[in-house]
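Look over the sequence and the model first, then read the points below by topic.

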Amino acid sequence: MNNNDISVLNINLFQPEAKRSDFYFNTLKEHLLKSHKHIEKPHRHDFYACVIFTKGNGIHEIDFQKYDVSAGSLFFMSPGQVHSWQLSEDTDGFIFFHSQEFFDLHFVNEKLRRYLFFGSVHFPRKIQLEGQKTFEISNLFRQIGNENSSSEILSENLIISLLSQLYINSLRLFSELSFNETTQTNPIYIQHYQHFEELLELNFIKEKSANQYAKWMNISTKHLNRITQTVVHKAASEVITDRVILEAKRLLIHLDESLVDIAFNLGYEEYSYFVRVFRKKTGQTPSLFVKENKL
């Protein structure tokens, strides 16, 4: 599969002379002003990104999901996701990027996928903060920014510590907003679901059977369905199809390959079957989707 036609942005593009090549921080106002030529069109990143809005409004679209933007909107994006936004001129806030290696270097036993807003395409990428929480999270962003511009000893270590605080506090808020009591009292379900999605991310093109994923996880298909229903309120087969259709949308919009070739690249030998799956999931054919959404 050739994704070369999709714009993939690297951190160095935003800060060619910065002291840290794997971490970037800026106010949102400055970022939008200085990087406009890079981010004016939908694009992917090869890094993790976190954004908080303190002023302004608009729409932020991440993998074809549109989110309203207002003061207190907190967003998380993972490598590979396609995003774009339409924002008012008074927009401001804070934004940072970092590579997988930047985090892993300091946390041997801690993985970014543990933070569910990074670990699953099925979870929302926005937390709407209110009141004191907006102040607390914004303050962590400010401290990260201050340390990033500092020449003090061990500044990178302190940045990592502040990142960890921000992610942990955000995960707690995310869990409160996203999960019911059953899920919160069965954290093992979350772990199993993350394992399922890790396998899915590696194999969704060649393997679309829930039974096979259950075998790889050494659990029954019934139990896998119980896990997915508890965590995301979907059957395992639907989670698999959702992931395939998301990739299909990305390719249909951002590549110039034929519809038949895209279907084949997604593991469908018969184009007609791909059309049926796509239409059942989205309510329209791939060709109509392209016609309505192609940039």
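How are α11 and α13 oriented to each other: roughly parallel or roughly perpendicular? The model is a predicted one, and in it the axes of helix α11 (residues 236–254) and helix α13 (residues 271–282) cross at roughly 100°. An angle from 65 to 115 degrees counts as roughly perpendicular, and α11 and α13 are therefore roughly perpendicular to each other.

**Overall make-up**

- The chain has 14 helices and 10 strands.
- Of the 295 residues in the chain, 48% are buried.
- Taking contacts between residues at least 6 apart in sequence, 72% join residues at least 24 apart.

**The α11 and α13 pair**

- In general, two packed helices are described by the angle between their axes and the distance between the axes.
- Besides crossing at roughly 100°, the axes of α11 and α13 come within 10 Å.
- On the α11 side, the residues that meet α13 are E238, T241, D242, I245, A248, K249 and L252.
- On the α13 side, the residues are F274, V277, F278, K281 and T282.
- By type, the residues of this contact divide into 6 nonpolar, 2 polar and 4 charged.

- Five strands form an open sheet, with antiparallel pairing, in the order β2-β9-β4-β7-β10.
- The edges of the sheet are β2 (23–27) and β10 (126–128); each has a single partner strand, so one side of each is left without a neighbour in the sheet.
- Neighbouring strands of the sheet are turned by 10° against each other on average, with direction ignored.
- Although β2 stands at an edge, 4 of its 5 residues are buried, so β2 is largely enclosed by the rest of the structure.
- Strand β2 pairs with β9 in the antiparallel sense over 5 bridges, and Y24 has F97 in β9 as its bridge partner.
- Strand β9 (residues 92–98) is also joined to strand β4 (residues 48–55), by 7 bridges, and the two run antiparallel.
- Within that pairing, I52 has F94 in β9 as its bridge partner.
- Helix α6 (residues 155–178) lies across β2, β4, β7 (73–77), β9 and β10.
- The direction of α6 is at about 110° to β9.

**Nonpolar cores**

- The largest nonpolar core has 68 residues, and the members that touch the most others are F96, F141, L166 and Y167.
- Beyond its neighbours within four places in sequence, F96 is in contact with residues including F23, Y24, F25, Y48, A49 and C50.
- Other contacts of F96 include F141, I144, L163, L166 and Y167.
- There is also a second, separate core of 14 residues, and its members include Y24, F47, A49 and F75.

**Strand β5 and its two partners**

- Strand β5 (residues 58–62) pairs in the antiparallel sense with strand β6 (residues 65–69) over 5 bridges.
- It also pairs in the antiparallel sense with strand β8 (residues 82–87), over 5 bridges.
- H60 has a bridge partner in each of these strands: Y67 in β6 and W85 in β8.
- A hairpin is formed by β5 and β6, with 2 residues between them.

**Residues with positive phi**

- In general, most residues other than glycine have a negative phi.
- D63 is not a glycine, yet its phi is positive, at about 50°.
- The place of D63 is the loop between β5 and β6.
- With a relative accessible area of 11%, D63 is buried.
- L154 is likewise a residue other than glycine with a positive phi, near 60°.
- The place of L154 is the loop between α5 (131–148) and α6.
- Is L154 buried or exposed? L154 is exposed, with a relative accessible area of 55%.

- S84 is found in strand β8.
- Residues under 20% relative accessible area count as buried, so S84, at 18%, counts as buried.
- From C-alpha to C-alpha, S84 and D63 are 9.0 Å apart in space, while in sequence they are 21 residues apart.

Key
Residues are numbered from 1 along each chain as its sequence is written. This is a predicted model: local features need pLDDT of at least 70, side-chain atom pairs count only at pLDDT 80 or more; totals for chains, interfaces and linings use all residues. Side-chain values use heavy atoms; hydrogens and water are left out. Axes are lines fitted to C-alpha atoms, for helices over the stretch in contact, and angles run from 0 to 180 degrees between N-to-C directions. Angles under 35 degrees count as roughly parallel, over 145 as roughly antiparallel, 65 to 115 as roughly perpendicular and the rest as oblique. Contact means heavy atoms within 4.5 Å. Ala, Val, Leu, Ile, Met, Phe, Trp, Tyr, Cys and Pro count as nonpolar, Asp, Glu, Lys and Arg as charged, and the others, Gly among them, as polar. A nonpolar core is a set of buried Ala, Val, Leu, Ile, Met, Phe, Trp, Tyr and Cys residues joined through side-chain atoms within 4.5 Å. Buried means under 20% relative accessible area, exposed over 50%, partly exposed in between (1.4 Å probe, protein chains only). Two strands pair if DSSP finds at least two bridges between them.
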